Amino acid sequence: MKRTAVVTGASSGIGEATARRLAAEGYHVVAGARRRDRLEKLAAEVPGVTPVTLDVTSQESVDELAASLDRCDVLVNNAGGALGLEPVSEGRVDDWQRMYDTNVLGSLRVTQALLPKLIGSGDGVLVMLTSTAGLVSYEGGGGYCAAKHAQTSMTETLRLELVGQPVRIVEIAPGMVRSEGFALTRFRGDAERADKVYEGVPDPLSSDDVADAIAWCVTRPAHVNVDRLVIRPRAQAAQHKVHRVSG
């Protein structure tokens with residue numbers, strides 16, 4: 001029987017690229033997101049993709065997803081995102097709450113709902129898409145860093161709690177990725193500020209680069225667990241060390 005992969009946040013960026021890549025690897029991909037029109041377009045372009053309307057901040061929506069699945073062999077918890085770059089002293093509580101609910105509690109809801117199916121598959125893989133922001137903090141990133149640190153901690157805890165079960169727990173922590181909408185959302189639609197994040201950076205990572213890393217981790221032999229894969233562009237040596245060229 002064809003293996004099933006569930007990808008959250010699959011309507012754009014890394015999630016969409018991952019859905020395309022896993023379908024190319026032979027998986028039946030259940031692509032979940034709120035923007036159903038984007039998912040329908042994806043499914044029309046890529047054989048093997050099934051669109052599912054999903055809001056990871058809604059328990060009812062997550063439960064409906066779980067009930068619709070006969071099996072789940074791979075789960076990619078990708079839904080998330082950043083809002084704002086204010087210092088902690090000026091951070092908006094509703095932004096922090098939204099980031100926590102999407103990145104952390106969203107991953108928790110989907111993981112809890114699909115974990116029995118992952119274990120029942122006999123060779124499940126749970127991929128948590130975190131960030132280097134979950135490993136190293138930076139100014140202006142208080143809310144996002146806090147959420148991603150929490151997600152990283154949940155991933156580490158899951159690996160400890162599930163040792164001995166037939167499921168692998170993989171964390172993918174990307175650095176600078178020029179993915180559709182990420183910076184634009186962070187800057188509340190200000191395209192000029194969003195573009196400046198990548199200004200002068202030769203070849204930031206693309207969504208396809210991250211999808212490639214996810215696919216590699218997922219397709220390792222069943223006894224091989226990639227605990228954490230940190231992936232950055234060559235131009236980024238660390239959170240605060242980015243090579244930029246002028247002109």
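**Helix packing, cysteines and a loop in a predicted model**

Cys72 counts as buried because its relative accessibility is 0%, where buried means under 20% relative accessible area, exposed over 50% and partly exposed in between (1.4 Å probe, protein chains only). The model is a predicted one, in which local features need pLDDT of at least 70, side-chain atom pairs count only at pLDDT 80 or more, and totals for chains, interfaces and linings use all residues. Residues are numbered from 1 along each chain as its sequence is written, and side-chain values use heavy atoms, with hydrogens and water left out.

Staying with the cysteines, the structure holds zero disulfides, a disulfide being a pair of cysteine sulfur atoms within 2.5 Å. Cys72 is in no disulfide, and the nearest cysteine sulfur, that of Cys217, lies 17 Å away. Cys145, at 2% relative accessibility, counts as buried too.

Helix packing comes next. Helices (H or I, at least four residues) and strands (E, at least two) are DSSP runs, numbered from the N terminus. Axes are lines fitted to C-alpha atoms, for helices over the stretch in contact, and angles run from 0 to 180 degrees between N-to-C directions. Helix H4 (residues 93–120) and helix H5 (residues 142–161) have axes that come within 8 Å and cross at roughly 15°. The two helices are therefore roughly parallel to each other; angles under 35 degrees count as roughly parallel, over 145 as roughly antiparallel, 65 to 115 as roughly perpendicular and the rest as oblique. Their crossing is right-handed, which applies when the near helix is turned clockwise from the far one by less than a right angle, anticlockwise being left-handed. On the H4 side the contact (heavy atoms within 4.5 Å) includes Trp96, Met99 and Tyr100, and on the H5 side Gly142, Gly143 and Tyr144 are among the residues involved. The contact residues of this pair divide into 11 nonpolar, six polar and one charged. Here Ala, Val, Leu, Ile, Met, Phe, Trp, Tyr, Cys and Pro count as nonpolar, Asp, Glu, Lys and Arg as charged, and the others, Gly among them, as polar.

Helix H1 (residues 13–24) meets helix H2 (residues 36–45) with axes that come within 11 Å and cross at roughly 25°. That angle makes H1 roughly parallel to H2, and H1 passes H2 in a right-handed crossing. Glu16, Ala19 and Arg20 of H1 make the contact with Arg38, Leu42 and Glu45 of H2. These residues comprise two nonpolar, no polar and four charged.

H1 also packs with helix H8 (residues 207–218), at an angle of about 50° and with the axes 8 Å apart. H1 is therefore oblique to H8, and this crossing is right-handed. Among the residues that meet are Gly13, Ile14 and Ala17 in H1 and Ser207, Asp208 and Val210 in H8. The contact of H1 with H8 divides into seven nonpolar, three polar and three charged residues.

Finally, Asp55 sits in the loop between strand E3 (49–53) and helix H3 (59–68). With a relative accessibility of 24%, Asp55 counts as partly exposed. Not counting residues up to four places away in sequence, Asp55 touches Arg34, Ser61 and Val62. Thr57 is also placed in the loop between E3 and H3, and counts as partly exposed at 31% relative accessibility. Leaving aside neighbours within four places in sequence, Thr57 is in contact with Asp101, Thr102 and Arg109.
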